[in-house]
Structure formats: structure tokens, C-alpha cells
Amino acid sequence: MTIFGPDPARLDAQTLEALPATWMTAACLDAGFRRDAGWLGSAACASAPRAWTCRIAARPGIYGVWPAEAEAAADPATAAFLLFYLPAPDDPILDRMALGAAIEASRAGAADAFRDFPAHPALAAACAIGEVRLALVQPARDLALALTAETRRRIVVPEGIARDGGGWLVPPGGIEEDLPAFDLARDLFRVLAAGVAAATEQTPNPPRRTTTPALLRARHPNGALAPVSGDGGESVTEVIAWGDAAALWPEARDPADAAPYALCAARPAEHLPDLVVLSGFLGSGKTSFLNEFIEFEAAQHRLVAVIQNELGETGVDTHLLEGDRSVLTMDAGCVCCTLAGSLRAGLRRLSAGLSPEVVVLETTGLANPMNLRAELAEVGDLARLAAVVTVVDAARFWPTLAASEVAAQQLRAADVVVLNKCDLVDPAARAAVAAEIRHRNPQARLIEAEHGRVPPAALGGLSRATAPALERTGGRHHHHHDHDHHHHRHADGVTHLDEGFSALRFDLADTVDRDRLFATLAASPPGVFRIKGVARIAGAPLPVVVQYVPGR
């Protein structure tokens with residue numbers, strides 16, 4: 001198996017105790033697993049590093065996992081883990097807990113304390129729900145997991161619990177606790193089992209179970225619990241195993257409900273990610289917008305990956321994006337010359353390593369989306385074209401259109417137009433720009449923004465256009481170019497080379513003087529549309545990002 005780390009020959013008690021956290025870490029390298037399993041993250045406890053807490057989408061509270069014992073020398077090697085659950089303040093489970101446990105779990109600061117529950121014994125005892133045992137067959141290392149918990153953990157109070165001022169909190173002979181501990185524990189158990197399947201890429205055997213009568217307990221006035229006759233529900237042991245490890249629990253023969261363990265089966269092919277083409281002329285604010293978009297989608301538990309195509313020898317925007325592990329920079333140069341092979345390869349790499357729900361192709365500011373139809377059609381088996389989003393600089397709108405037909409084509413191709421930098425123009429100028437955009441592309445959705453910040457309500461559904469403009473306009477483009485790049489025109493639209501744009505790279509000294517740098521930028525001639533880079537400023541502790549558009 002692949003869940004034992006770099007030295008699979010070394011198996012000791014500490015390795016066994018760390019095993020669940022190890023396989024969950026391995027499984028979570030696949031963002032698709034996190035989404036499908038509902039895994040929301042985990043954290044180690046400060047006082048007991050191999051104990052940890054976690055959250056899953058199926059429950060509003062916090063789970064705890066605490067290694068209780070481990071025996072690595074035996075065959076099979078075994079380990080036991082106690083399970084805990086702290087309900088959220090509005091969790092209905094609170095009403096089914098014992099009175100003292102519910103009070104403990106409801107105290108102010110309980111959630112913070114539970115993050116290190118081994119250091120708070122009373123809180124941990126109030127939240128205990130069951131136990132998971134694992135067994136590991138040597139040397140094949142087939143694995144079995146067994147969850148044991150009560151379907152209804154019941155406590156009766158023969159004398160009742162009186163309410164201050166009269167009446168009863170629990171009437172004599174009434175039920176103080178009726179906790180569905182097994183259901184609570186199995187919600188976490190199924191995610192842990194799915195983690196094994198994802199980390200090892202092995203499908204488990206069908207689940208099995210065994211049941212025995214559970215004790216009904218009575219709470220006496222001194223607080224002691226004692227077994228009494230009556231309906232205590234059942235104690236259930238549910239086993240899920242890989243390989244020959246199923247024989248480790250021979251008594252667990254009755255088939256268990258397989259539905260909660262559907263994620264443990266080999267996962268089907270992922271749904272195709274939405275592909276968003278992000279367009280916009282030089283300096284319009286694409287990267288600022290993209291960071292906002294990534295943050296919004298992350299809050300919806302959707303992973304965004306980015307493929308960038310930059311003009312020039314050095315990619316800068318990759319270093320300006322948050323979460324750059326999911327950012328790929330394609331070959332530098334004209335998007336229409338470098339996209340064809342790189343986009344398909346990039347999509348394959350991202351899908352294999354991250355399983356993103358959304359992939360953003362951030363084109364260079366001089367790319368014409370109308371020229372991307374053929375390349376996008378060729379990756380239809382890897383991603384679904386969802387939308388073209390074009391970012392427009394409200395302050396530079398008119399001079400940009402006057403200088404470049406590419407900018408006009410970017411508007412024509414858009415499903416969504418983000419009118420950015422609205423804070424730099426007055427209301428009348430903003431209205432005039434918006435009217436021109438609607439005139440040029442009446443079907444596009446228009447969103448106004450400042451500093452690339454789009455209202456969250458407007459971001460919903462941004463990556464899910466029903467009929468992208470590139471598909472509505474139809475047709476395929478054909479390359480007609482010489483490889484010296486002096487003539488580089490497409491049937492669908494112009495390119496930056498047709499318009500005479502080019503890129504230059506400057507390698508600066510180790511440090512530059514801030515005033516001289518600013519003076520040089522301010523003296524840029526009218527033909528300079530964009531400057532961006534990273535520089536070390538004399539006297540500054542860290543490198544700085546340099547951004548320039550005409551006049552700013």
C-alpha cells in the first residue's frame with residue numbers, strides 16, 4: 001500500500017497510530033476526493049500530537065480521533081482509536097445527549113477547547129461515541145477497519161432529574177440520553193474508509209457487520225451508572241476490509257448496508273471541469289479579478305486551477321496568484337501559436353494531480369479569444385467550455401478600443417464582461433462605457449467592479465454559461481501564418497502581431513532606486529501599453545511588484 005510513507009519496512013506503534021492521518025493526507029491530494037467525501041479538513045491536537053480533530057460536510061460539529069493502543073509486533077498488527085463528536089451549538093444531537101454531557105458541550109469556548117480535547121478529559125468523556133480498530137495483515141499489508149458503537153446509547157434515570165423551581169427536567173424513569181452514536185460514528189468512518197480507497201487506489205470488499213444487545217444504563221443520584229434490564233438498543237461492529245483482511249473479523253458475517261460506503265468503491269471518471277477563458281486587454285485587472293474568483297469558488301468548496309499564457313519570455317502573473325500550486329504557465333509567446341499542444345497537456349496535468357472543478361485559461365492581454373475555437377474544440381474530452389470572461393478597464397476603455405481591434409474582439413467573444421476600475425471614472429463616463437459594451441455585445445452579462453472586486457452575488461454561476469459566445473458565433477479558425485511571425489492573421493480575427501505589438505524583457509540590477517524607477521516609468525513613451533514585473537528596491541526588505549499602465 002502507498003499509505004506507509006517512505007519506509008514501508010518500518011512498522012512500529014507510532015506508525016500505526018499515525019496511519020489514519022497519513023492515509024487521509026494522501027487521499028486529500030485529490031481535490032475530487034475532498035469534494036465527494038465531504039472532507040473539510042483536520043488539525044493535530046497540541047497536547048497529544050497523534051490525536052486530531054476534523055470536520056466533515058455530513059455533520060455540523062467537530063470530530064476527534066485519539067489513538068488508544070497499538071501492537072505492531074503481532075501479525076496482524078492492530079491499533080485502536082477512540083472517536084468523539086462535539087455538536088455545534090444548534091445541532092439537534094445536543095437534545096439527545098445526557099444532560100451533563102450537553103451542558104459540557106455547550107459551554108462557552110467548548111469548540112476551542114475541543115481542538116485539544118485530550119487536555120480536557122471531562123469534555124472528551126462527554127463527547128465519546130465509539131471506537132475504530134484497524135488490523136494489518138503482514139506482509140501483504142491487507143487492511144481491515146472495524147467500527148464499534150451503539151445504535152442508541154440510552155441512559156434512564158429512575159429517580160428523575162428535578163428542575164429548579166419545580167417540575168422535572170427528566171421525569172422519574174425517563175430517558176436522559178438516547179444518542180444515535182453509531183450513526184454519528186459511521187459518518188466519519190465512511191469518510192476514513194473512503195480515504196483508504198483513494199490513497200491506495202484499491203476497492204474494498206463489501207461491508208459486514210455483527211450485532212449484540214447493548215446495555216441500558218441507569219443513572220443514580222450519586223451520578224454512578226449501572227446496567228439495568230430494558231431496551232438498550234444494539235452494539236454494532238461494522239467491518240470494511242481490503243484483500244484477505246476480511247477474515248480478521250470472522251464473526252462479522254451479516255451483510256451491512258453498502259450505501260454509506262459507496263465512496264469506497266473505485267471512483268468513476270470525474271465530471272469534466274468547467275473551462276473559463278479569462279480575457280482582457282493589457283492592464284485591465286485580470287489577475288486581481290482572478291484572485292477574487294478563486295476565493296469565491298473556494299468558499300463553495302470548488303477548486304480552481306489556472307493555466308496562464310503570457311506574452312514574453314518571463315511569466316509574472318503566476319507569482320501574483322494565491323494558491324500557485326494549481327497554476328501552470330504555458331510556453332511564452334502568442335497564444336494562438338503556443339496554445340494548441342500546451343492547453344491539452346496542461347489540462348491533463350491538472351486533472352491528474354488536482355481534479356479541479358473549474359479551470360481558468362488566463363490569456364495574455366493581447367490574445368484574441370475568437371482565434372481559440374479550434375484549440376478549445378480539441379479539448380472537449382477534458383473540459384467543458386463554460387464561458388469567456390472579459391475584463392475591461394473603464395478608465396482606458398476608449399483609447400484601448402481606438403488602439404486595438406483585438407480589444408474589440410475580446411468584447412465580442414465575451415459571455416461576461418467585468419467592467420473594472422469603475423472607481424476611476426465618474427458616473428456619466430461609466431454609463432457611457434457600459435452603453436457601448438451593451439451595443440457591441442448585447443448578449444453578454446455586464447458586471448461592474450472596482451479593483452477587480454466583483455460582488456459575491458454576481459460571481460455565482462460565472463463559470464456556468466449555458467451557450468458560450470464562442471460556440472454561438474460558430475465556425476473554426478484557420479491558421480495562415482509564416483513562422484517568422486511577420487504575417488500572422490486568422491480568419492476569425494486579428495492578432496497582436498497584425499497590430500504591431502511586441503514584448504521586451506529587462507533584467508534589472510540586484511537593486512534599483514525607487515525614485516529613478518518611478519521616474520523612468522512615468523517617462524514611458526505613448527506606445528508602451530503595459531509594464532509589469534518584480535524588482536528589488538534599495539532599502540526595501542522584500543521584492544516589490546511593479547505595475548504600469550499609461551498614466552498610472
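Student: How is burial read, and is F189 buried or exposed?

Tutor: Buried means under 20% relative accessible area, exposed means over 50%, and partly exposed lies in between (1.4 Å probe, protein chains only). F189 has 0% relative accessibility and therefore counts as buried. Before we continue, note that this is a predicted model, in which local features need pLDDT of at least 70, side-chain atom pairs count only at pLDDT 80 or more, and totals for chains, interfaces and linings use all residues. Residues are numbered from 1 along each chain as its sequence is written, and side-chain values use heavy atoms, with hydrogens and water left out.

Student: What share of the protein chain counts as buried?

Tutor: Of its 552 residues, 50% count as buried. Accessible areas come from the Shrake-Rupley method with a 1.4 Å probe, and for residues only the protein chains shown count as cover. The accessible surface of the protein chain is about 25500 Å², and 54% of it belongs to carbon and sulfur atoms.

Student: How many helices and strands does the protein chain have?

Tutor: Both are DSSP runs numbered from the N terminus: helices are H or I with at least four residues, strands are E with at least two. The protein chain has 15 helices and 26 strands. As for contacts, meaning heavy atoms within 4.5 Å, residues 24 or more positions apart account for 70% of those with a separation of 6 or more.

Student: Which strands make up the open sheet of 9 strands, and in what order?

Tutor: Strands of a sheet pair through backbone hydrogen bonds, either parallel or antiparallel. Two strands count as paired if DSSP finds at least two bridges between them. Here the order is β1-β2-β3-β4-β5-β6-β14-β11-β15, with antiparallel pairing. β1 (39–44) and β15 stand at the edges with a single partner strand each, so one side of each has no neighbour in the sheet. Within this order, β4 (residues 77–86) and β5 (residues 128–137) run antiparallel and are joined by 8 bridges; F81 has V132 in β5 as its bridge partner.

Student: Which strands does α6 touch as it packs on the sheet?

Tutor: α6 touches β1, β2 (52–56), β3 (62–71), β4, β5, β6 (142–150), β11 (208–213) and β14 (234–241). Its direction makes about 170° with that of β6. Such axes are lines fitted to C-alpha atoms, for helices over the stretch in contact, and the angles run from 0 to 180 degrees between N-to-C directions.

Student: What is the strand order in the open sheet of 4 strands?

Tutor: The order is β10-β7-β12-β13, with mixed pairing. β10 (174–179) and β13 (225–228) are the edge strands, each pairing on one side only. On average, neighbouring strands of this sheet are turned by 30° against each other, direction ignored. β7 (residues 153–157) runs antiparallel to β10, with 5 bridges between them, and R153 has L179 in β10 as its bridge partner.

Student: Why is β16 described as largely enclosed?

Tutor: 7 of the 7 residues of β16 are buried, so the rest of the structure largely encloses this strand. Both faces are covered, with D274, V276, L278 and G280 on one side and L275, V277 and S279 on the other. β16 runs parallel to β19 (residues 358–362), with 5 bridges, and also pairs in the parallel sense with β20 (residues 384–393) over 7 bridges. L278 has E362 as its bridge partner in β19 and stands opposite V389 in β20.

Student: How many aromatic pairs does the structure hold?

Tutor: Rings of Phe, Tyr and Trp (its six-membered ring) pair if their centres lie within 6.5 Å; planes under 30 degrees apart count as stacked, over 60 as edge-to-face and the rest as tilted. The structure holds 9 aromatic pairs. The ring centres of F189 and Y261 are 6.0 Å apart and their planes stand at 90°, so this pair is edge-to-face. F189 lies in helix α6 (residues 181–200) and Y261 in the loop between β15 (254–255) and β16 (274–280), so the pair ties together parts 72 residues apart in sequence. Y261 is buried, with a relative accessible area of 5%. F397 and W398 also form an edge-to-face pair, at 4.9 Å centre to centre and 80° between the planes. F397 is buried at 4%, whereas W398 is partly exposed at 43%.
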